[in-house]
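I wanted a quick look through this one before doing anything else with it. These are my notes, in the order I looked things up.

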Amino acid sequence: MKAAYSAIGSSYVYCLRGLNAVSVGLIFFTALWIFGDITGRFFFNHPIPGTMELIKTIIIPIIFFSLPNTLHENRHIQTTIIVRRLPPSLLPWLNVLIALVGALIFLAVCRYGWDAAWKSWIMREFEGVQLRVPVYPSRFSIVLGSALMVIEFTRILVNDLRNAMGRKRGGDR
């Protein structure tokens with residue numbers, strides 16, 4: 001049974017890293033596209049049509065595909081202005097509260113994002129006139145990224161609850 005959990009866990013991490021790699025690829029593609037647009041505008045007085053529409057729809061998967069991996073690797077930006085002033089005995093419980101609030105927020109985003117994504121899929125929603133860019137893939141990326149964030153915050157919540165209750169487990173956060 002432990003081997004099955006290990007296989008699921010490593011597959012999950014590969015999924016997070018894969019989505020992060022897609023995000024990085026989209027960033028590179030976006031940079032090339034914008035470079036082409038600026039070059040066309042500057043040298044030929046002819047920008048690439050639909051650049052704004054494309055960038056508006058690509059930025060969403062860039063964010064929502066990279067967030068879960070960032071949280072999993074604990075590489076997000078943290079400020080300690082308030083935390084440094086708290087007594088050390090409260091810190092584990094603050095982490096529990098943060099994980100719980102994070103899970104609830106992304107659960108709501110996932111739930112309501114699904115409705116918007118499904119409606120967008122049914123309508124075959126597109127953005128733009130010069131270049132028609134489909135919107136529904138971006139909307140579904142919000143749902144996928146939010147669902148993975150719920151999983152991550154739940155994992156963190158369980159580990160932080162163990163730490164707060166005095167049953168420390170090594171290695172996890």
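This is a predicted model: local features need pLDDT of at least 70, side-chain atom pairs count only at pLDDT 80 or more; totals for chains, interfaces and linings use all residues.

The entries below cover one threonine, the salt bridges, the aromatic pairs, a surface patch and one serine.

**Entry 1: the model**

**Entry 2: Thr30**

I started with Thr30, which is found in helix 1, residues 2–44. Is Thr30 buried or exposed? I get 10% relative accessibility, so Thr30 goes down as buried, the limit being under 20%.

Next I asked what Thr30 touches. Leaving out residues up to four places away in sequence, I find Ile55, Ile58 and Ile62. The side chain of Thr30 also reaches the backbone oxygen of Leu26, at 2.7 Å. I checked His46 as well: His46 is 16 residues from Thr30 in sequence, and the C-alpha to C-alpha distance is 18 Å.

**Entry 3: salt bridges**

How many salt bridges are there? The count comes to 6. I looked at some of them one by one.

Lys56 pairs with Glu127, and the closest N and O atoms are 3.0 Å apart.

Arg75 forms a salt bridge with Glu73, and here the closest N and O atoms are 4.0 Å apart. The cut-off is within 4 Å, so I noted the value as listed. Arg75 counts as exposed at 64% relative accessibility, while Glu73 is partly exposed at 32%.

Asp115 goes with Arg111, with 2.6 Å between the closest N and O atoms. Both residues lie in helix 3, 4 residues apart, which is about one turn of the helix. I have Asp115 as partly exposed, with a relative accessible area of 29%. Arg111 is partly exposed too, at 46%.

**Entry 4: aromatic pairs**

I then went through the rings. The structure holds 8 aromatic pairs. How are the rings of Phe106 and Phe153 arranged? Their centres are 6.1 Å apart and their planes sit at 20 degrees, so I call the pair stacked. This pair links distant parts of the chain, with Phe106 in helix 3 and Phe153 in helix 4 (residues 136–164), 47 residues apart. Phe106 is buried, with a relative accessible area of 15%, and Phe153 counts as buried at 11%.

The rings of Trp114 and Trp118 are stacked as well, since their centres are 5.9 Å apart and their planes are at 20 degrees. These two tryptophans are 4 residues apart in helix 3, so about one helical turn separates them. I put Trp114 down as partly exposed at 41% relative accessibility, and Trp118 as partly exposed at 42%.

Which residues do the ring pairs link into a cluster? I wrote down Trp114, Trp118, Trp121, Phe126, Tyr136 and Phe140.

**Entry 5: the nonpolar patch**

Trp114 and Trp118 came up again when I checked the surface. Together with Trp121 and Ile122 they make a nonpolar surface patch of about 440 Å². I looked up Trp121 separately: it lies in helix 3, residues 91–123. Trp121 is partly exposed, with a relative accessible area of 34%. Patch residues need over 30%, so Trp121 clears that limit at 34%.

**Entry 6: Ser120**

My last stop was Ser120, also found in helix 3. How accessible is Ser120? The relative accessible area is 1%, so I have Ser120 as buried.

What does Ser120 touch, residues up to four places away in sequence not counted? My list reads Glu125, Val135, Tyr136 and Arg139. For Tyr136 there is also a polar contact to note: the Tyr136 backbone nitrogen lies 3.4 Å from a polar atom of the Ser120 side chain. Tyr136 was already in my notes as one of the ring-cluster residues.

Technical notes: Residues are numbered from 1 along each chain as its sequence is written. Side-chain values use heavy atoms; hydrogens and water are left out. Buried means under 20% relative accessible area, exposed over 50%, partly exposed in between (1.4 Å probe, protein chains only). Contact means heavy atoms within 4.5 Å. A polar contact is a pair of N or O atoms within 3.5 Å; within protein, one must be able to donate a hydrogen and the other to accept it, and residues adjacent in sequence count only if both atoms are side-chain atoms. Patches are made of residues with over 30% relative accessible area and no salt bridge: like charges are joined within 9 Å, nonpolar side chains (Val, Leu, Ile, Met, Phe, Trp, Tyr) within 5 Å. Accessible areas come from the Shrake-Rupley method with a 1.4 Å probe; for residues, only the protein chains shown count as cover. A salt bridge is a side-chain nitrogen of Lys or Arg within 4 Å of a carboxyl oxygen of Asp or Glu. Rings of Phe, Tyr and Trp (its six-membered ring) pair if their centres lie within 6.5 Å; planes under 30 degrees apart count as stacked, over 60 as edge-to-face and the rest as tilted.
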